[in-house]
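Dear colleague,

I am passing on the structure we spoke about, together with some notes on how its parts meet. Please look through it alongside the text below.

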Amino acid sequence: MKKVGIALLGLGVVGSGTYRILEKNKEYIKNHYGVEIEVMHILEKDTTKAEALGIDKSIVSVDINNVINNPNISIVAEFFGGIEPARSFLIASLRAGKSVVTSNKEMLAKCWQELDAAAREGKAGLYFEASCVGGVPIIRTLQESMQGNNILSIMGIVNGTTNYILSNMADKGLEYSDVLREAQRLGYAEANPSADVDGFDSMYKLSILSTLAFHKRIPLDKIYREGISKISKKDIEIGKELGYTLKLLAIGKLADGKIEARVHPAFIQNTHPLATVKGSFNAVMIAGDNVGDIMLYGRGAGDLPTGSAIVSDIVFCARQTEHILPVFATPRDTDFSDDFDSKYYIRMSVADKSGVLSKITGVFGKYDVSIATMQQRQSGDDPAVASVIFFSHENREKNVMRAISEIKSLNEVKEVDAVIRVVD
Ligand code: HSE
């Protein structure tokens with residue numbers, strides 16, 4: 001029986017979940033996968049966490065050298081999150097020939113090339129199934145199951161916190177700030193929610209997923225990012241009335257040889273498969289030129305779901321005789337699109353008098369923005385102000401933004417209240 005020694009860096013929620021799965025499934029892994037995994041060291045300053053799991057104190061320390069200098073440890077699983085010290089510890093481990101398993105999407109998205117170089121130097125493996133969409137096996141699907149396809153697009157709900165907030169705004173008719181407070185109270189959202197609600201977490205995941213999908217490195221500065229903090233319950237309600245659900249989407253596309261990558265809120269029709277993904281669940285659709293559409297769905301966070309992906313990586317890694325690191329085109333050799341086509345929902349508050357609509361549509365026409373439907377409603381209590389809602393056909397994003405900027409400067413336009421992309 002092959003014996004494999006591992007170290008866990010950090011024993012927080014996911015580190016503890018991983019330890020519990022490794023203990024519970026020890027015999028199962030031995031019997032079905034032919035490897036015996038032994039946790040030989042844990043880096044954690046809070047020893048009560050190790051005590052709670054019944055771990056012997058003698059294998060717990062805060063010194064990475066206890067991992068790097070132990071020849072019996074061949075896999076290092078990291079749970080710190082953030083860039084440092086995770087980056088330095090993992091680079092040193094890889095150079096020392098120890099394979100790395102990580103769920104650290106921020107570090108991977110920002111430092112992947114450095115980690116890759118260290119892994120090649122140490123002939124070690126770099127595994128990161130848990131970095132995107134928690135327990136859902138999206139990474140291995142992209143790496144091991146799509147060889148018969150050119151991937152044309154990847155689109156998903158990859159952040160559970162924002163999906164929980166948007167689902168609750170829709171289901172309970174609440175404003176963003178009220179749901180966020182409730183999500184923080186229940187532990188679904190962090191005290192500082194920016195990484196989730198401003199779309200950073202989704203952007204890191206999209207960078208990783210689209211790099212794998214398109215075999216080209218997609219750096220963060222090539223990804224358009226917009227979060228959900230300006231979404232109002234009014235737009236969610238109007239969307240609902242018209243058959244749309246609002247989601248924070250991560251989208252990567254290959255069109256005409258160019259890559260487009262973006263994270264933003266979007267209306268999707270209620271019949272769209274992603275519209276059924278509620279609460280803190282995640283889902284990703286991949287379109288391959290031969291397989292067509294596939295969709296993966298499940299829990300994107302949590303101790304056992306994320307631990308499940310980490311354990312899958314540990315076992316996969318333990319069974320390799322040689323670690324294969326994928327090769328990607330560099331950003332310099334890749335064409336990125338600096339504009340994209342989309343449909344739009346645009347709501348504005350305008351003076352309710354003759355000639356106003358023709359001024360607004362004149363600006364849309366000037367920028368080649370084609371409108372599909374228009375609806376006027378009463379806006380609040382002031383009878384002199386109307387709420388006008390446009391749905392556009394597919395237009396170039398930059399043209400729409402130029403038109404909106406000019407429309408905002410019209411005297412008759414009190415406010416452009418919302419501009420939300422609509423995705424088919
Ligand atoms: N904060 C993430 C989410 C989970 O809300 O989905 C870890 O990526």
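The domain bounds used here come from an automatic or database domain assignment, and the model itself is a predicted one. That assignment gives domain 1 (2-131), domain 2 (138-300) and domain 3 (341-422). Taken over C-alpha atoms, the centres of domain 1 and domain 2 lie 29 Å apart, and their contact draws eleven residues from domain 1 and 13 residues from domain 2.

Between domain 1 and domain 2 an area of about 1,100 Å² is buried, with carbon and sulfur atoms giving 65% of it. On the domain 1 side, the residues that lose the most area to domain 2 are Lys105, Trp112 and Glu129, which together make up 48% of what that side buries. Lys105 also forms a salt bridge with Asp201, where the closest N and O atoms are 4.0 Å apart, and the rule finds one salt bridge across this interface. Three residue pairs in polar contact are found there as well, while the side of domain 1 that touches domain 2 consists, by class, of four nonpolar, two polar and five charged residues.

Ile165, leaving aside its neighbours within four places in sequence, is in contact with Tyr176, Val179, Leu180, Ala183, Val197 and Ile228.

With best wishes

Methods
Residues numbered from 1 in each chain as written. Predicted model: local features only at pLDDT ≥ 70, side-chain atom pairs only at ≥ 80, totals over all residues. Heavy atoms only, no water. Contact = heavy atoms within 4.5 Å. Buried area = accessible area lost by both parts, 1.4 Å probe. Salt bridge = Lys/Arg side-chain N within 4 Å of Asp/Glu carboxyl O. Polar contact = N/O pair within 3.5 Å; in protein donor to acceptor, adjacent residues only side chain to side chain. Nonpolar A, V, L, I, M, F, W, Y, C, P; charged D, E, K, R; others polar.
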